[in-house]
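Please report on how the two chains meet. Then look at one residue in that contact.

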Amino acid sequence: MNTLFDKIWDSHTVRVLDGGSCVLYIDRQYIHEVTSPQAFAGLRKRGIGVFRPAQVTASPDHNIPTKNQHLPIAEPQSAQQVATLEKNCAENGIRIFPIGSERNGIIHVIGPQTGLTQPGMTIVCGDSHTSTHGALGCIAFGIGTSEVEMALASQCILQSKPKSMRINVEGELKPCVCSKDIILYIISKLGTGGGTGYFVEFAGSAIRSLSMEARMTICNMSIEMGARGGMIAPDSTTFDYLRGREFAPKGEEWEKAVERWSKLRSDDDAVFDKEITFDAADIEPMITYGTNPGMGIAVNGEIPSSEGMDSASKISYAKALGYMNFTEGDKMVGKPVDYVFVGSCTNGRIEDLRTFANFVKGRKKAENITAWIVPGSKEVERMAIEEGLRDILEEAGFELRQPGCSACLAMNEDKIPAGKYCVATSNRNFEGRQGPEARTLLAGPLVAAAAAVTGVITDPRTMM
Amino acid sequence: MRQKFTTLSSTVVPLPIENIDTDQIIPARFLKATTREGFGENLFRDWRYDKDGNPKPSFVMNSPIYKGEILVAGKNFGCGSSREHAAWAIDGAGFRAVVSSFFADIFRNNALNNGLLPVVVSEEMLAEIFKAAEENASMELHIDLPAQTIEIVGTEIKESFEIAPYKKQCLMSGYDDVDFLVSIHSEIESFEKR
């Protein structure tokens, strides 16, 4: 009567302390340049080394440029962070995929892509979107830098066991509804704190029907409802995705692994602390209108009224709409857009680029739009070129950039100017997230494509 | 070894906004340092300063009357990015505790790992604190970690709060998790061989 989460968590618990804190063993640790330098500095100060360097993998991604990656990084502090990561990895014998190399990319894109991420594992990284990896049936979650240091020092972290939640999405999705719409819909129903304290298993026929990459988009954004992480039980979709990948088991080991992984699912009589079911048919293509990912509506909808909210919520709601320069009751369709950003660990994989390219094929980028199409990894970039997607994009007036986190958090040069509106396939629409005073509208690649060719917010279904 | 936490009496800095995410606490463009120091000056950067770096008078941290070591914020404080820089920035700006009715999980862990005490109070108590602070900026809160209580000084308004026993012990002793985990290396090695 155990949940999938219980099975993996319990089998990785080294010890339970008085009061319930668990010493949790970590199979894989991923690191990047922004949240690791202070952890390595901490180890040096204590005079200790990395406990299990072979279980750690690094990729610079957060502040690297997405153009001219063959040149030295121009911004001195970014250059120093990347150099520090390279030095720390070299000194400690940690595998690193350097900038420009064929395996470089956003760490949450390359973990699954290289087969390092596998079902049944525990995975941590100093980044909240580590939840992405849960799509392959593992426990993966974001941690702070002190915990990065713990994991480097001992391959363990101290953690209270979260409560369990299952979210079922049942039935058939409407045309033009993608996995980004599913997760934006769920967050709009539960709010940005609705999953806090929980680890979520996504299930149901609509989730099962999704491709591996689409599942990653769902788990990626589970943190946006406050959940520690999200996961989906591994199945034939998972195994087909992993088979033959560089770090996936091979030959007889593969057969054994699949046999083991096939048992990784919640028991039929497993009881969750909370269980919610949604009807897939209720989900429309989504867009956000406010300053947190819970403020999402159907793209053809109207901005909700604040009537009925308590006074504290009303203040925050008015602040959000003021920042966006929107009014209650506004229709989203037809609102002008200045920038379109396609990329990030949420929607920067090859299927996302295919969706976007297929839509813009034979159409032209709107004159008023500046578009940044940023692949999630070098491998995604290579595939996009080989499949002819780059040619389609260029023909339509778009440019394919080089991989990185880019305008999702605007740590590099890819910043949205103050006051401008950006339809982004990334994960956060917080104030200033894409640059000081930038205004972000989160959506899936199809809604982004419709905005990119019309120059305004557009329901893609009206153009199919 | 960091500063130990036992009890704290202080005036407060009230921030009655809900869902304050870590991008507001410390924007990503300030995450480029390789040390833990210096983040305090950029705490709430884009709410606190205009784009030329001048303090915005309307923001509470620029108010001449609201000072203190306790930050009080609306529910779901610290949501979003896992950046520990948020806890470093709050700590670096001189706060020792944050009070809210609800904290995001990762932020709460990050705060605890830096000796910054997150205190969860009821919605009612939070509203009382905001009201009392609005009426009187010299209102003080008293936090007693050993007893796990928080009260508005000079009133009957008092609550107990939850904290994991292990984390409580760490805060009170200034002890840290890495020391503990390194001390059980042999147990971890045995676990790996299972």
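## Basis

This is a predicted model: local features need pLDDT of at least 70, side-chain atom pairs count only at pLDDT 80 or more, and totals for chains, interfaces and linings use all residues. Residues are numbered from 1 along each chain as its sequence is written, chains are lettered from A and ligands numbered from 1 in the order in which they are written, and side-chain values use heavy atoms, without hydrogens and water.

## The interface

Chain A gives 65 residues to the contact and chain B gives 53; contact means heavy atoms within 4.5 Å. Together the chains bury about 4,800 Å², 56% of it on carbon and sulfur atoms. Buried area is the accessible area (1.4 Å probe) that two parts lose on being put together, summed over both.

Eight salt bridges link chain A and chain B. A salt bridge puts a side-chain nitrogen of Lys or Arg within 4 Å of a carboxyl oxygen of Asp or Glu. Lys32(B) and Glu75(A) form a salt bridge through their side chains, at 3.1 Å from N to O.

## Gln159(A)

Gln159(A) counts as buried because its relative accessibility is 4%; buried means under 20% relative accessible area (1.4 Å probe, protein chains only).

The side chain of Gln159(A) makes a polar contact with that of Arg228(A) at 2.3 Å. Another polar contact, at 3.3 Å, joins the side chains of Gln159(A) and Asn109(B). A polar contact is a pair of N or O atoms within 3.5 Å; within protein, one must be able to donate a hydrogen and the other to accept it, and residues adjacent in sequence count only if both atoms are side-chain atoms.

How values were computed. Buried < 20%, exposed > 50% of the residue type's maximum accessible area, 1.4 Å probe, protein only.
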